[in-house]
Amino acid sequence: MGKLRSERERSLQRKLIPLNLIICIIALVAAASLFLLPILKIDAGKVLRDEGVMGFVDERIDEQIKDSLEGSGQEGVDYTPVVAMLVKNILGKAEGEISVSAYSSFRALIGSGDKTQTVLDDLFFGDDALATRLIDSVVDAVANLFETEEGRALFEEALVSTMTQELIKSVDEAAIKNAMTTDNVKQLVEIMGSLGDPEKVTDGNVGPVADEFIGKVDEMLGGEVNIDEADKAAITAEIQSIYDVTVSNLKEGESVTMESILCVTLSDKFDLSLLNIENIFDVLGGGSENETAAVAEGEESAKEIVTNYDDLLLKIGYDEDKKEELKEKMRTALNGTLNNFIEENGIKEFTSYYEYVFYGMLAFIGPWLILFLFAFFHTLAKNKRFTMWYVKLLCLIPPLIWLALKLLPIVAPKVPALNDMWNGEHGVLVQGLHSGISTYAWVSGICYVLLWIFSVFWAFPIKRKIRKERKYPEVEDAEDDYEY
């Protein structure tokens, strides 16, 4: 190292010490984020909760259940939406992620054994991977389905709303749907709950409750829309049927409550295997005939009617005492399904290239580490200045990935090739998938912006002053300065 040319230059160089320390921190944060944090993460739970995906799931559930009920001889109210609501409620609590990072790729690179299986375990089958978390979250969601006031309210409101809409055939569909506000439905639920009130139901006659129910519906629809007598009779008959079936299936010590009404009604109208949590994911894939078969005509005597939420959970496959066994069974089944999907779609062939994620990210991690070393050692040297153009040139690319994801919903509709994908036949699923995709490249992006800010407003002014000072050299063998 040569000598500095003046006391003025020494003073200017000392002003670069805190800047170099800050750059050390920025470089380490950027490098660590690119190595440890996901460069790409797909949140399966967020995808499933996307409004468009939920709509797609809703359609698939409706189609699947309606197909299974065809020819079953079931008459009266179609409770398919209630089943769909329960399935969607369970799926809405699902959690699980696929996370791709340089760190996980590096582990696969240095790991022993079958690298393909290592990658699959890391992405899908490991303790904290997609399949395992999906299973755990779904089983827990089923367990808590009726434990919360929110879960019970959803069930009650869906059932009563469906019953009301299905029975009033003479009223315009749009009118009745518009009338089904949250407050209105809650009042209808309250009226239905009064079936357990002996002051309103005398000698098994639900007439007063039915009249109150019909009166509320009339009020909801307003004076311009009237319910005809046929619909009034149908509503009364349905409420009477619900009450009679509930009473006939009550066990000793039980009474007519909202819980018993809902459980009896659902188990009376459907084969609860439709809600079996071991088959919950089959709804999305279409399932098999025997997995989604409803109780056919002539098999009514084989059905088991449940009267409480605990028995309902047992009927859909949940047993608190066997929860871990159930999770393991579901995990094995889902792993098999995922394995088949991976093999059939050629994904397994690409797992051997997973290690290249680390090599690719190293091209961006490396410059930040080099910058850290330069900043650190030049802090200790007499000349505190060093180059950083390589970081500014290369390390803009990872943040551009984050920017591209953010701009995709804006750009895609305007680009024909992207619009075909974004708004095409499966556009809803593509948009739902996009909603669950994220990246932590924005961390290095913040570091990149900070680097430019400190360069422009701190380093460059000091550099100009040093250049000006060096126009009057005091020591001829001084070391050449470096450009920022």
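Which residue forms a salt bridge with Lys251, and how many Å apart are the closest N and O atoms? I looked this up and found that Lys251 pairs with Asp311, the closest N and O atoms being 2.7 Å apart. I take a salt bridge to be a side-chain nitrogen of Lys or Arg within 4 Å of a carboxyl oxygen of Asp or Glu.

Before going on, I note that this is a predicted model, in which local features need pLDDT of at least 70 and side-chain atom pairs count only at pLDDT 80 or more, while totals for chains, interfaces and linings use all residues. Residues are numbered from 1 along each chain as its sequence is written, and side-chain values use heavy atoms, with hydrogens and water left out.

Entry on Lys251 and Asp311. For accessibility I use buried for under 20% relative accessible area, exposed for over 50%, and partly exposed in between (1.4 Å probe, protein chains only). Lys251 is partly exposed at 43%, whereas Asp311 is buried at 19%.

Entry on Lys315 and Glu304. I found a salt bridge between these two side chains, with an N to O distance of 3.7 Å. This pair also links distant parts of the chain, 11 residues apart, with Lys315 in helix 16 and Glu304 in the loop between helix 15 (282-285) and helix 16. Both ends are partly exposed, Lys315 at 32% relative accessibility and Glu304 at 48%.

Entry on Lys232 and Glu229. Lys232 is partly exposed, with a relative accessible area of 24%, whereas Glu229 is exposed at 59%.

Entry on the total. I noted that the structure holds nine salt bridges.

Entry on cysteines. I looked for disulfides, meaning pairs of cysteine sulfur atoms within 2.5 Å, and the count comes to zero. I also checked accessibility for two cysteines: Cys263 is buried, with a relative accessible area of 0%, and Cys447 is buried at 5%.

Definitions and conventions. Helix = DSSP H or I, 4+ residues; strand = E, 2+ residues; numbered from the N terminus.
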